[in-house]
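Look at the model below and follow the chain from its start. The paragraphs after it go from the whole fold to single residues.

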Amino acid sequence: MAGVSKTSVEIDRDIAARAADILGTATLRDTIDAALREIIDARRRLELIAMLSEPGRFDFGTAEDAWGGDG
């Protein structure tokens, strides 16, 4: 697999089990991959929120009108 490397790290099994329960993963590898993806996704969500909150960046009134809102 491209972009994959093998490494050896010590993992707190209790934390990994709690994360697996939250993420719905079955294996340690899946849990680690899902947790790393969640960190990336969380950053993207924060960046989107910051972008949308910039003054003049998004006109919520115009969006409401576009969907037939009463404005």
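Predicted model: local features only at pLDDT ≥ 70, side-chain atom pairs only at ≥ 80, totals over all residues.

Residues are numbered from 1 along each chain as its sequence is written, and side-chain values use heavy atoms, with hydrogens and water left out.

The protein chain holds three helices and zero strands, where helices (H or I, at least four residues) and strands (E, at least two) are DSSP runs numbered from the N terminus. Along the sequence the pattern reads α-α-α. Of the 71 residues, 7% count as buried, a word that stands for under 20% relative accessible area, with exposed over 50% and partly exposed in between (1.4 Å probe, protein chains only).

Begin with helix 1, which spans 13-23. Its N-terminal end is capped by aspartate 12, with a side-chain oxygen 2.9 Å from the backbone nitrogen of aspartate 14. Just after helix 1 comes glycine 24, with a positive phi of about 75 degrees.

Threonine 25 sits in the loop between helix 1 and helix 2 (28-52). What does the side chain of threonine 25 make a polar contact with? The partner is the side chain of threonine 31, at 2.5 Å. A polar contact is a pair of N or O atoms within 3.5 Å; within protein, one must be able to donate a hydrogen and the other to accept it, and residues adjacent in sequence count only if both atoms are side-chain atoms.

Threonine 31 itself belongs to helix 2. Is threonine 31 buried or exposed? It counts as buried because its relative accessibility is 4%. A polar atom of its side chain also lies 2.9 Å from the backbone oxygen of threonine 27. Not counting residues up to four places away in sequence, threonine 31 touches Ala16, Ala19, Ala20, Leu23 and Thr25, where contact means heavy atoms within 4.5 Å.
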